[in-house]
Amino acid sequence: DAIPSMFSHGARLRLAFRAIRATSARALASVPRPAGRRGLAALAAGGAGLAALAFAVPTAMAASSAPVSADPATGIAFLETIAPHADYSIPPLSLIGTGCRYKYGWVKVYAVGLYLPAASTASLKAKLKDVKAATLATGGQLCDDIGKSGPHAIVIKMNRDVDTDTLVTALDEALSPRIAPMEPQGGQGTGMALKAFKAIIRDSAGANLQNGTEIQLLLQPIGRGGSLVHVLIGGKGVGCVRSEALAVALLDTYVGAAAVTPELRVAAAQTLGAK
């Protein structure tokens with residue numbers, strides 16, 4: 001009714017669009033604009049609109065105040081301490097090393113961080129005080145000792161956009177030969193556990209894992225030869241698989257004698273072994 005009835009339908013539409021543009025311009029002016037190309041990229045990545053950007057900035061600033069360590073190969077920052085939700089009954093975990101997953105020997109696909117509770121780290125240092133880090137980094141003792149020390153976490157941070165199916169296939173190629181020799185140990189069994197693990201990532205991550213996406217794998221022994229593998233994507237719990245074989249295979253994939261991230265194995269050995 002505010003628009004005179006003598007105006008044509010097209011004229012009324014043009015007036016309405018002008019009002020919308022004016023309102024949008026005022027809203028945009030009220031939002032702090034990031035500077036330079038990074039700022040443009042941040043605005044483009046907002047996707048959900050100006051409100052998403054306004055809420056995202058304080059969250060990022062709050063997180064940046066926590067101590068971090070950068071992976072040498074990728075420069076990706078890892079929190080020095082992570083605190084799993086109380087529902088997991090896992091104490092705070094501290095970073096003991098990082099590494100990079102390469103493809104073709106030079107493509108940096110993602111960085112990986114390994115976390116242990118402070119008590120486990122102290123216990124392992126005492127146990128391994130006479131083992132040189134260089135020796136510890138060459139065999140399977142490190143992986144075995146970490147696996148038996150209690151809960152631990154593997155944190156994956158993407159360094160580039162990757163199709164989810166591509167990552168799941170790569171994980172399957174690494175995990176399958178490690179799981180196959182193990183006998184089923186309660187829970188879902190080795191074959192079913194791997195299928196369940198892959199399904200959780202495939203169904204929860206969407207078609208594409210974007211640069212910066214974080215996948216947390218919380219590996220939690222539960223006694224009597226069992227383990228829980230909690231999967232979190234972007235900080236949100238998306239599934240859990242009960243399988244000691246899967247937990248052992250995951251740790252061996254990243255820290256074992258034939259790890260896909262040897263830099264992580266070396267870094268962990270330098271943290272836990274004798275200098």
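Residues are numbered from 1 along each chain as its sequence is written, and side-chain values use heavy atoms, with hydrogens and water left out. Because the model is predicted, local features need pLDDT of at least 70 and side-chain atom pairs count only at pLDDT 80 or more, while totals for chains, interfaces and linings use all residues.

**Exercise 1. Describe the protein chain as a whole.**

Step 1. Secondary structure: the protein chain has ten helices and eleven strands. Helices (H or I, at least four residues) and strands (E, at least two) are DSSP runs, numbered from the N terminus.

Step 2. Burial: 39% of the 275 residues count as buried. Buried means under 20% relative accessible area, exposed over 50%, and partly exposed in between, with a 1.4 Å probe and protein chains only.

Step 3. Surface: the accessible surface comes to about 14,900 Å², and carbon and sulfur atoms hold 59% of it. The areas come from the Shrake-Rupley method with a 1.4 Å probe.

Step 4. Contacts: among contacts in the protein chain with a separation of 6 or more, 62% are between residues 24 or more positions apart. Contact means heavy atoms within 4.5 Å.

**Exercise 2. Determine how α6 packs on α9.**

Step 1. Helix α6 covers residues 141–148 and helix α9 residues 244–255; they pack at an angle of about 140°, with axes 10 Å apart. Axes are lines fitted to C-alpha atoms, for helices over the stretch in contact, and angles run from 0 to 180 degrees between N-to-C directions.

Step 2. This angle makes α6 oblique to α9. Angles under 35 degrees count as roughly parallel, over 145 as roughly antiparallel, 65 to 115 as roughly perpendicular and the rest as oblique.

Step 3. The α6 and α9 crossing is right-handed. A crossing is right-handed if the near helix is turned clockwise from the far one by less than a right angle, and left-handed if anticlockwise.

Step 4. From α6, the contact uses Leu142, Cys143, Ile146 and Gly147; from α9, it uses Leu251, Asp252 and Val255. By class, that contact has five nonpolar, one polar and one charged residues. Ala, Val, Leu, Ile, Met, Phe, Trp, Tyr, Cys and Pro count as nonpolar, Asp, Glu, Lys and Arg as charged, and the others, Gly among them, as polar.

Step 5. Gly147, in helix α6, is partly exposed at a relative accessible area of 31%. Beyond residues up to four places away in sequence, Gly147 touches His152 and Leu251. Its C-alpha atom is 6.9 Å from that of Val248, 101 residues away along the chain.

**Exercise 3. Repeat the analysis for α7 and α9.**

Step 1. Helix α7 (residues 164–179) packs with α9 at an angle of about 120°, and the axes are 9 Å apart. That makes α7 oblique to α9.

Step 2. The crossing of α7 with α9 is right-handed.

Step 3. α7 supplies Leu171, Ala174, Leu175, Arg178 and Ile179 to the contact, and α9 supplies Ala245, Leu246, Ala249, Leu250, Asp252, Thr253 and Tyr254. By class, the contact of α7 with α9 has nine nonpolar, one polar and two charged residues.

**Exercise 4. Find the buried residues of α10 and what covers them.**

Step 1. In helix α10 (residues 262–272), the buried residues include Leu264, Arg265, Ala267, Ala268, Ala269 and Leu272.

Step 2. Their cover includes the strands β4 (93–103) and β5 (107–117) and the helices α4 (118–127), α5 (133–136), α6 and α9.
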